[in-house]
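Try each task before reading its solution.

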Amino acid sequence: MSPEFFIAGGGILVAVVVIILLFKAVWRVAEPNEALIISGLGARRRGDTLDSLGFKIITGKGTAVLPGFQTARRLRLDTRSANLQVSCVTQQGIPVHIRGVVIYKVGDDLTSIANAARRFLDQQDFMTGAIHELFTGHLRSIIGGLTVEDLILNRERLTSETRASAADEMSKLGLIVDSLQIQEIDDETGYIANLGKPHAAKIAASARIAEAQRDQEATEAEQVAAANKAAAWRDAQIKQASYQAEIDRAQATSRQAGPLSEASARQEVVVQETRAAELEAQLSEQRLQSQVRKPADAKAYETVTLSQAERDARIAQAEAEARETELRAVAQASQVKQAAAADAESVRLRGEAAGAATRVAGEAEAAAAKARGLAQAEAARALGLAEAEAEQAKGLAEAAAIRARAEALADNQEAVIAQQLAERWPEVVQAGAQAFGNVDHMVVLNGAQGVEELLAKALTLGGTGLGLARAILNGATPNGAEEKPQKPVKP
């Protein structure tokens with residue numbers, strides 16, 4: 001191939017690529033959820049109902065846009081949502097807080113798209129804020145004419161009135177409302193909670209009444225069941241008593257069967273004997289008749305024999321009845337005797353138990369009294385010994401003290417005198433101070449030394465201290481009474 005061929009093919013390829021690039025740069029396609037707003041040279045088309053707007057709207061198809069002469073912008077047609085939070089006051093003056101949501105979109109018709117494009121084309125993010133403010137105002141206006149009960153019981157009315165009230169503004173904005181839902185209604189005063197309390201109380205009361213009725217029915221059923229159970233137990237006891245009576249009667253009959261059988265046997269013996277006697281009488285009569293001997297005697301003998309047989313039969317019957325009566329009396333006497341013996345044994349045992357209890361109680365009280373007396377005597381004796389020992393110890397201590405003073409006085413008279421002077425030094429000082437009792441005014445020189453010298457001279461010149469010391473040496477008290485040693489207490 002020649003070079004010209006390759007150059008021609010490359011030129012065609014370049015031209016095709018340029019055409020494709022130019023087509024992509026010029027051609028715009030509107031997606032299903034958006035509209036193309038084309039403005040600029042030649043954007044208006046004759047015959048359009050919206051040719052006075054000065055721009056062209058393309059939905060669901062493509063169109064050519066001349067770069068530099070026309071501008072194509074996209075307006076979203078998909079669904080948007082705006083959350084509503086409104087604080088307002090109802091007709092009753094109760095503040096409430098409403099939370100809801102508005103689902104909206106740009107209308108599908110060309111008029112709605114044109115209105116939305118003029119207002120939100122470059123500010124589509126502010127569309128939600130505008131919807132929020134619009135519906136907030138309408139909700140405040142509508143809720144102000146409703147009561148809390150209307151808000152709770154008829155939310156459909158609230159949503160329909162709100163949508164109808166905002167329809168004109170939404171149409172001017174080119175928007176339509178797909179859904180308006182009131183999610184929550186709250187109040188800070190507790191009015192809504194109080195509205196439900198009467199109904200809740202009524203339901204609770206109904207539940208309590210139903211529960212009480214069920215309890216009453218259950219109690220009645222339990223009582224009926226208990227009564228049926230008691231009746232069944234009574235019938236069972238009656239049947240058991242009846243069966244026991246039959247058993248007792250059968251046992252009594254069996255106990256009497258022996259004597260009755262014996263009486264019947266004896267009666268049968270008598271009957272057989274009577275029949276044998278009759279046979280013998282008949283034989284004798286036949287013999288008499290056959291022999292023709294004393295027919296009258298045979299007849300008399302026959303009469304006597306019959307009389308004796310009847311008498312024997314009556315005697316046997318009387319003996320059987322007497323035997324039966326005797327057996328019953330013996331049985332009753334045995335039962336009475338056993339019951340009396342049991343009662344006597346019970347009385348004896350109770351008496352022995354009471355006597356034993358009384359004897360044990362008396363012995364316990366006597367032992368306790370004896371123990372108390374022994375304890376009191378022992379305590380008194382111990383107290384007396386303790387007091388005697390205390391008195392003895394006290395006397396011994398006093399005697400030892402006197403003995404010790406006497407021995408000390410004999411061994412070291414000066415030390416004893418010094419001790420006694422020290423013990424009575426307050427009296428010595430008091431006697432020396434009496435020398436100054438009549439002095440009204442006195443001047444002392446040389447301070448403390450002058451006071452000491454003055455007191456020494458007073459004690460020496462007055463003779464009070466010396467006399468007191470002499471009295472102590474002579475064993476006398478300051479009042480002149482001679483101190484006598486105490487006698488030791490004999491233990």
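**Exercise 1.** Find which residues make the nonpolar surface patch of about 270 Å² in this predicted model, and decide whether Ile12 is buried or exposed.

*Solution.* Start with the members of the patch: they are Ile12, Val16 and Ile20. Finally, look at its relative accessibility of 56%. Exposed means over 50%, so Ile12 counts as exposed.

**Exercise 2.** Work out which helix gives the largest share of the lining of the second largest pocket.

*Solution.* This pocket holds about 300 Å³ of space. Its lining includes Ala252, Arg255, Glu324 and Leu327. Two helices, H7 (191–291) and H8 (295–411), each supply at least two lining residues. The largest share, six residues, comes from H8. Sorted by class, the lining has four nonpolar, three polar and three charged residues.

**Exercise 3.** Take the salt bridge between Asp122 and Arg73, and find where in the chain each partner sits.

*Solution.* First, check the contact: the closest N and O atoms are 3.4 Å apart. The pair links distant parts of the chain, with Asp122 in the loop between helices H2 and H3 and Arg73 in strand E5, 49 residues apart. Then compare the cover: Asp122 is exposed at 63% relative accessible area, while Arg73 is partly exposed at 33%.

**Exercise 4.** Say how many residues separate Arg157 and Glu161 in helix H5.

*Solution.* Their side chains meet in a salt bridge of 3.0 Å, N to O. The two are four residues apart, so about one helical turn separates Arg157 and Glu161.

Methods:
Residues are numbered from 1 along each chain as its sequence is written. This is a predicted model: local features need pLDDT of at least 70, side-chain atom pairs count only at pLDDT 80 or more; totals for chains, interfaces and linings use all residues. Side-chain values use heavy atoms; hydrogens and water are left out. Patches are made of residues with over 30% relative accessible area and no salt bridge: like charges are joined within 9 Å, nonpolar side chains (Val, Leu, Ile, Met, Phe, Trp, Tyr) within 5 Å. Accessible areas come from the Shrake-Rupley method with a 1.4 Å probe; for residues, only the protein chains shown count as cover. A salt bridge is a side-chain nitrogen of Lys or Arg within 4 Å of a carboxyl oxygen of Asp or Glu. Buried means under 20% relative accessible area, exposed over 50%, partly exposed in between (1.4 Å probe, protein chains only). On a 1 Å grid over the protein atoms alone, a cavity is a set of points where a 1.4 Å probe fits but cannot get out, and a pocket is an open set with protein on both sides within 12 Å along at least five of seven lines; lining residues have an atom within 4 Å of a point. Grid points are joined across faces, edges and corners, and a volume is the space filled by probe spheres set on the points. Ala, Val, Leu, Ile, Met, Phe, Trp, Tyr, Cys and Pro count as nonpolar, Asp, Glu, Lys and Arg as charged, and the others, Gly among them, as polar.
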